[in-house]
Amino acid sequence: PNKIECAYLDHRENVSPEYLALLISLSNKAEGLDLVSFGGDTAYSCLMAGILQSDGPQVLAFRCRDSISLHQANLLFKGIAFSPSLEKLLLRGKFEPREDIGKALVDSLGKNRSLKRLGLSIGILDMDVEGVLRTAILETQVQSLGIIREGADFEYDGIPCIPFNILRDVLCREDCPLERFHLFGVAPSSRPVAMNDNELNSTSMNSSVKFCSVEFVELDCSRIMETIGLFQSIETLCLNFNGISDLSPLDPLLIGDNATLKSLVVCSNDIEEADAIDFFRKLPEMKRLRHVRFWENPFITGNNDSWKTMAIDAIQRNKSLECIEGDQFDEHFIDKTKVALSLNRGGRRALEVESSSVLPANLWPRVLERAANIVYCDYSTIYEEEEELCCEGLKSLPVESTRVDVVFWLLREKMVGQCL
């Protein structure tokens, strides 16, 4: 029979035999378990047994609402350490006693060989920041790590923090396998004053992380870039709910030969019209950017439309941008930009030949083959978004089909001259 997608069991101080039987039963009947700490060693023994089953849960979310004993934590962590099926783990809350449980968690993560995605609250990470990070990133198979604001002891300007040096030392190793890195309401502490730009540039950078999100931290872009600057191959960046206005600190990721960013998501920030105009003025130079999302920013919802003139011109001149999203884009803006975006999705940049406006004959087989493989539609927009459990955030970029008439126009015009 098909498994239950996820089973949620709330906090219970006194656990009955029936509850224990249900816990064991759900362990092999649910793909995911979402649990809040409960009382009694027997319950944790049952949970360990359930996690260790060959057909046990693939996802475990555990929140420690009250203190649990070291023995109870060891039972939970033993199940995590030797689970053959667990792929996603989210640990939240604050465990006591901190030092001993921190060591137990480090040992557990170091033995696990099935985890792919890991989420930890800052309260748990604080038990042994360096040990937990180093083990979670370098000694497991984890590809995605999320750190969540909850139970923090150390704050910077009211924001829970991770020491910058520790984060840099762990992430910027050649053997770091991490592909996705998420901070939710958590930020690294400020870069040490003693570390100047030359010293930072001489440090090995991370080349494995392609997706990074820093959200709910209420810091400006320049502070956030102290962290983002550690990643030299980042392709997708999410900076939602940060109170950001000035996007210019992101220029090194968007402009120039070292630009890597393909997708930028800056929803629910404080981007005003002047900030938007500055961004769109540089847009034609952003040759790798494919997707940008601006939902819920003042420049879109405001009454002044002067940014639209700059944006329309920039989008028409940019050969790589395939999708721009924002709430309350009016029909005039959509009508003026949809052809250029659709041409880009059809591969306009691949058809550019500097020496001649006419495509060389030897390239036509490749062009026609690509055109035959494009997913076509006769309407303007199709968006497909996927949500991820355990602090995954945006999983994939929006997909938009290309109109047949636009691709036909592009191919026809390229035979005789420029299409735009």
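The model is predicted, and local features need pLDDT of at least 70, side-chain atom pairs count only at pLDDT 80 or more, and totals for chains, interfaces and linings use all residues. Residues are numbered from 1 along each chain as its sequence is written, and side-chain values use heavy atoms, with hydrogens and water left out.

Rings of Phe, Tyr and Trp (for Trp, its six-membered ring) were taken as a pair if their centres lie within 6.5 Å; planes under 30 degrees apart count as stacked, over 60 as edge-to-face and the rest as tilted. By this rule there are 17 aromatic pairs. One of them joins Phe 299 and Trp 307, whose ring centres are 4.9 Å apart and whose planes stand at 90°, so the pair is edge-to-face. Phe 299 is buried at a relative accessible area of 2%, and Trp 307 is buried at 1%; buried means under 20% relative accessible area, exposed over 50% and partly exposed in between (1.4 Å probe, protein chains only). Trp 307 also pairs with Phe 333: the centres are 5.5 Å apart and the planes are at 50°, so this pair is tilted. Trp 307 belongs to helix H13 (residues 306–317) and Phe 333 to helix H14 (residues 331–345), so the pair ties together parts that are 26 residues apart in sequence. Helices (H or I, at least four residues) and strands (E, at least two) are DSSP runs, numbered from the N terminus. Phe 299, Trp 307 and Phe 333 belong to one aromatic cluster, which also includes Phe 279, Phe 280, Phe 294 and Phe 329.

The axes of H13 and H14 come within 9 Å and cross at roughly 15°. Axes are lines fitted to C-alpha atoms, for helices over the stretch in contact, and angles run from 0 to 180 degrees between N-to-C directions. H13 is therefore roughly parallel to H14 (angles under 35 degrees count as roughly parallel, over 145 as roughly antiparallel, 65 to 115 as roughly perpendicular and the rest as oblique). Contact means heavy atoms within 4.5 Å. Residues of H13 that meet H14 include Trp 307, Ala 311 and Ile 315, and those of H14 that meet H13 include Phe 333, Thr 337 and Leu 341.

Ile 315, in helix H13, is buried with a relative accessible area of 0%. Not counting residues up to four places away in sequence, Ile 315 touches several residues, among them Leu 283, Ile 324, Phe 333 and Arg 348. The C-alpha atoms of Ile 315 and Leu 283 are separated by 7.3 Å, although these residues are 32 residues apart along the chain.
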